[in-house]
Amino acid sequence: MRSGFWHDLRKYKMFLLMLTPAVIFYLLFAYIPMAGIIIAFKRYDYAGGIFGSAWNGWDNFRFFFDSGNAWQVTRNTALYNIAFIVVNNALQIFAAILLFEVGGKWFRKIVQSALFLPYFISWVVVGAIAYNLLNYDIGTVNALLRGLGLEPVDIYNTPAYWPFLLVLVSAWKGLGYGTVMYLAAITSIDTEMYEAAEIDGANIFQRILKVTIPNLYPTIIILVLLAVGNIFRGDFGMFYNMVGNNGVLFSSTDVIDTFVFRSLITSNDIGMSAAAGVFQSVLGFATIMAVNYAVRRYDKDRALF
Amino acid sequence: MSATEVNLDKSFAKTSGVKKTDQKIFAAIGYGSLTIMAVLCLLPFLLVVSSSLTSENKIITAGYQFIPTDFSAEAYSILFKYPAEMIQAYLVTIGVTIGGTLLGLFLTSMTSYALSRRDFKWRNGFSFFFFFTTLFSGGLVPWYLLIVNYLHMKDTVLALIVPLVLNVFYIIVMKSFLGGIPEAIVESAKIDGAGDFRIYAQLILPLSKPALATIGLFLALAYWNDWYNALLFVSDEKLMPLQYYLYKMLGNMDGMRKAMMGAGAVVTTALPTESLKMAMTVVATGPILLAYPFVQRYFVQGLTIGAVKG
């Protein structure tokens, strides 16, 4: 057995060498930080560092939950992700079906390019555009409202608008990416089914409802389940650039990731932010395991592991 | 074949001149909705470009506009008169993008190649070792402390390159691409006495050009648009990449004034801050918009590989 291992080691020497950089990378930036989870159970001080600081049991977690932030950020993270999943997928499927069915090579090309463009710009730029549109004094929306003789809206001071806005922004940025994915799935549907539907006298709407959409179910289910597995991961780039450190809006915009970032960088509360991060990781891991179990039951080949 | 059949069907409907009602209704819905969606996707870009070309007075009195009613190139002339900081940020971003993309491509392809070789018995174990990191993580805090307090990467260019250099998703995509290369090619090279690294470097890499192009562009986009690692790890102004520089300037008009003065501008009158912000946004996003028409298809290709493989 032992000699078998040493024999293999020599045999695979080159493969192992080729894997070395990546293995070191993931050991360093993924596995060691996993061990660093112990910070969540310590009172961190800079002299002691990760391993030398004193233990303080569940205090950091207790602090996180007692602060009232835990429920708010967890709820926001999950609800936003659910809304994103529903709205984004529905729009992407709608756009993909239309793109597949309408004629005109150039029209399709131009539309697809336009829909895909927002994917390519950074969240910083998206945040700047949003500010142009929405700010109270010189935003385009308020300029239009004033032009129509209506009251301007103070969007950056009103939490109630933000769930709609953020869903809109997420849909805008992700539309092209998802549309391309669904379009690829539609293109791979067997054309014989369309021909059969044609012969049976189905009109175009019946064809979409009875052929295209049922054939998309596997893709939809997999994409949605994968997204559900990440339901406790907030898109930091979006929330941070859209909202920033505007505390007025936090009740409806703060997600776990922005909360952890602020606790770490702004208030420098290392123990509590580590505890919040661990809470998120464990919740996320449990969700992914559950989702994978569901995918396995639905279609074994599609399961992650 | 499939697309041709569908097109044939459509062209029949067109040439015969009798479009059925359902097709007419569908065409109206289809062209209408797609046009609206495309316009909504493009309008914000128009707003930025137009605002960057509108006089400051007009913006302050009438808001940001989709069409520049009071044209002014003042913002650009100020920006290009004192471009030192912007150029510095550009150089940082270009360097990080090129260096990071090349290093990332090398590491991704080499790793994927070893994992794709069927005669490597331990490949599944290593694949899981990489894959598990997407399921569970230690969170932001230990990762941040490691990089800052233990690896001392704060305010070094490494902090901008290393975090993005490897990505399990790209390794999976690359691996599935390499899995499609016939094994006979590797076998015959082995018989000719080529070592595993030589097979990778001289045989597999040239055959992988399509996958390398796609992954390279995803990497380049991630580096170009990265501001997050700078937010966490960079406070040295010389090391600020473009997006983070833009982020700082957008939120900080005083900083902008200082930047202009530092570059030698004597600011006696008020700076056109609003149009200047937009001009900076245009300059920071410009290269992506210019490259977009040429590179779009590689991204579509990449998504399609990913979609098929799940």
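A search of the whole structure, which is a predicted model, turns up 5 cavities of 30 Å³ or more. Here a cavity is a set of points on a 1 Å grid over the protein atoms alone where a 1.4 Å probe fits but cannot get out; points are joined across faces, edges and corners, and a volume is the space filled by probe spheres set on them.

**The largest cavity**
- The largest cavity holds about 140 Å³ of space.
- It is lined by 13 residues, and B:Ser116, B:Arg117, B:Ile181, B:Glu183 and B:Val186 are the closest to its centre; a lining residue has an atom within 4 Å of a point.
- Helix H5 (84–116) and helix H10 (183–191) of chain B each give at least two residues to this lining, with H10(B) providing the largest share, 3 residues. Helices are DSSP runs (H or I, at least four residues), numbered from the N terminus.
- By type, the lining has 6 nonpolar, 2 polar and 5 charged residues. Ala, Val, Leu, Ile, Met, Phe, Trp, Tyr, Cys and Pro count as nonpolar, Asp, Glu, Lys and Arg as charged, and the others, Gly among them, as polar.

**Where chains A and B meet**
- In chain A, 100 residues are in contact (heavy atoms within 4.5 Å) with 103 residues of chain B.
- About 9,200 Å² is buried between the two chains, 78% of it from carbon and sulfur atoms; this is the accessible area (1.4 Å probe) lost on putting the two parts together, summed over both.
- On the chain A side, A:Phe15, A:Met18 and A:Phe120 lose the most area to chain B, together 8% of what that side buries.

**Salt bridges**
- Over all chains there are 10 salt bridges, each a side-chain nitrogen of Lys or Arg within 4 Å of a carboxyl oxygen of Asp or Glu.
- Between chain A and chain B the count is 1: B:Lys121 pairs with A:Asp8 at 2.8 Å, N to O.
- Within chain A, A:Asp59 bridges to A:Arg62, with the closest N and O atoms 3.2 Å apart. Both sit in helix H4 (residues 59–66), 3 residues apart, about one turn of the helix.

**Reading the numbers**
- Residues are numbered from 1 along each chain as its sequence is written, while chains are lettered from A and ligands numbered from 1 in the order in which they are written.
- Local features need pLDDT of at least 70 and side-chain atom pairs count only at pLDDT 80 or more, whereas totals for chains, interfaces and linings use all residues; side-chain values use heavy atoms, leaving out hydrogens and water.

Terms used
1 Å grid on protein atoms, 1.4 Å probe; cavity = no way out; pocket = protein on both sides within 12 Å on 5 of 7 lines; lining within 4 Å.
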